Amino acid sequence: MLATKSTPKSGEGMWLWLIKIASGILIILLLLLHFIVNHTGLISITENGLLTHEGVVQYYSNPLIPLIEILFLVFVVSHSLIGLRSIVLDLKPSRSLLKGINWVFGIVGVVAIVYGIWLVFQILSFLPA
Amino acid sequence: MSTPSNQPSSKNWYKWFDPRGKDLGSYAFILNRITALGLTFYLFLHLIVLGQLAIGPEAYDNFMAMLHNPIFVFGELLVVIAGIYHGLNGLRVALTSFGIAIPYQKQIFIGLLVLTVLGSLYFAVRMFTA
């Protein structure tokens with residue numbers, strides 16, 4: 001293994017690279033929380049994990065939770081799509097093709113995030129008023 | 001200007017699949033990408049399936065019952081293994097990208113491989129004996 005620095009690739013600007021790394025680290029933290037909540041009984045509300053619809057809705061009654069879940073979604077979608085784009089960049093697409101690819105990734109990302117936010121509100125709608 | 005043979009290009013994409021002449025770091029990178037693709041696939045599956053939550057309690061609870069099928073449990077185990085490897089290796093990439101611990105990359109990588117194997121065993125036991 002070379003004792004050299006890992007460097008950003010051409011076509012991927014500094015910001016995308018930085019966002020990829022920052023979102024990756026945040027994902028590790030949020031994933032830990034996500035796992036503990038969904039699969040263990042360490043947080044009192046969730047008993048043995050979020051195994052029923054009712055459990056999920058109850059978990060979302062704390063307003064901090066929808067916020068964290070939406071942020072989690074944004075980080076994961078960004079990290080995933082920037083990463084996919086990096087793989088595509090290794091095929092050296094032409095500049096115009098790359099522009100098209102950027103648009104596709106952008107639209108997929110926005111759709112995924114909007115859908116996720118809609119899902120959160122669907123869950124919240126099950127809360128008793 | 002000719003590019004050196006290890007530079008990315010669409011002409012020699014098939015070299016991605018040639019196992020010869022690759023060093024440890026290349027394999028770390030390849031595994032990172034494979035786990036990334038697997039996790040991305042899972043992400044979109046997960047989002048679609050969470051639509052069941054939106055439908056209501058019965059749809060969701062029925063779906064959760066279906067997840068006890070060993071095929072699904074195995075699939076989830078693969079996701080867990082991919083997540084552990086990708087996360088730990090990602091941390092190694094993050095560190096070296098900022099010039100931290102570069103001379104120890106190899107040891108760090110071996111260490112994270114061991115952690116991945118241990119984690120995989122732990123979750124395999126936990127998930128199949130619950």
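1. A quick word on terms before we start: helices (H or I, at least four residues) and strands (E, at least two) are DSSP runs, numbered from the N terminus. Residues are numbered from 1 along each chain as its sequence is written, while chains are lettered from A and ligands numbered from 1 in the order in which they are written.

2. Confidence in chain A. Here pLDDT is the predictor's confidence in each residue, from 0 to 100. Chain A has an average pLDDT of 85, and 87% of the residues reach at least 70. Among the elements of chain A, the highest mean, 94, belongs to helix 3 (residues 64-89), and the lowest, 82, to helix 2 (residues 53-59). Where pLDDT is low, the predicted coordinates should not be read in detail.

3. Make-up of chain A. You will find four helices and zero strands in chain A, giving the pattern α-α-α-α along the sequence. Of the 129 residues in chain A, 17% are buried; a residue is buried if 20 or more other C-beta atoms lie within 10 Å of its own, exposed if 12 or fewer, and partly exposed in between, with C-beta atoms placed from the backbone.

4. The core. A nonpolar core is a set of buried Ala, Val, Leu, Ile, Met, Phe, Trp, Tyr and Cys residues joined through C-beta atoms within 7 Å. The largest one has six residues, namely Ile27(A), Leu73(A), Phe75(A), Val76(A), Val77(A) and Ala112(A). Helix 3 of chain A gives the most to this core, with four residues.

5. Where the chains meet. Two residues are in contact if their C-beta atoms, placed from the backbone, lie within 7 Å. By that test, 31 residues of chain B are in contact with 28 residues of chain A. On the chain B side, helix 1 (24-49), helix 2 (51-55), helix 3 (57-66), helix 4 (70-97) and helix 5 (105-128) each give two or more residues, and helix 1 of chain B gives the most, with seven.

6. Helix 1 of chain B. This helix has 26 residues and reaches 37 Å from its first C-alpha to its last, close to the 38 Å expected, where the expected span is 1.5 Å times one less than the number of residues. Ala28(B), Thr35(B), Ala36(B) and Leu39(B) are the buried residues of helix 1 of chain B. Their cover includes helix 3 of chain A, along with helix 4 and helix 5 of chain B.

7. Back to Phe109(B). This residue counts as partly exposed because 18 other C-beta atoms lie within 10 Å. Leaving out residues up to four places away in sequence, Phe109(B) touches Leu24(B), Ala28(B) and Arg92(B). Arg92(B) is 17 residues from Phe109(B) along the chain, and their C-alpha atoms are separated by 7.4 Å.

8. Two loop residues worth a look. Lys92(A), in the loop between helix 3 and helix 4 (95-124) of chain A, has a positive phi near 50 degrees although it is not a glycine. Ala101(B), in the loop between helix 4 and helix 5 of chain B, has a positive phi near 60 degrees. Ala101(B) is exposed because 12 other C-beta atoms lie within 10 Å.

How values were computed:
Predicted model: local features only at pLDDT ≥ 70, side-chain atom pairs only at ≥ 80, totals over all residues.
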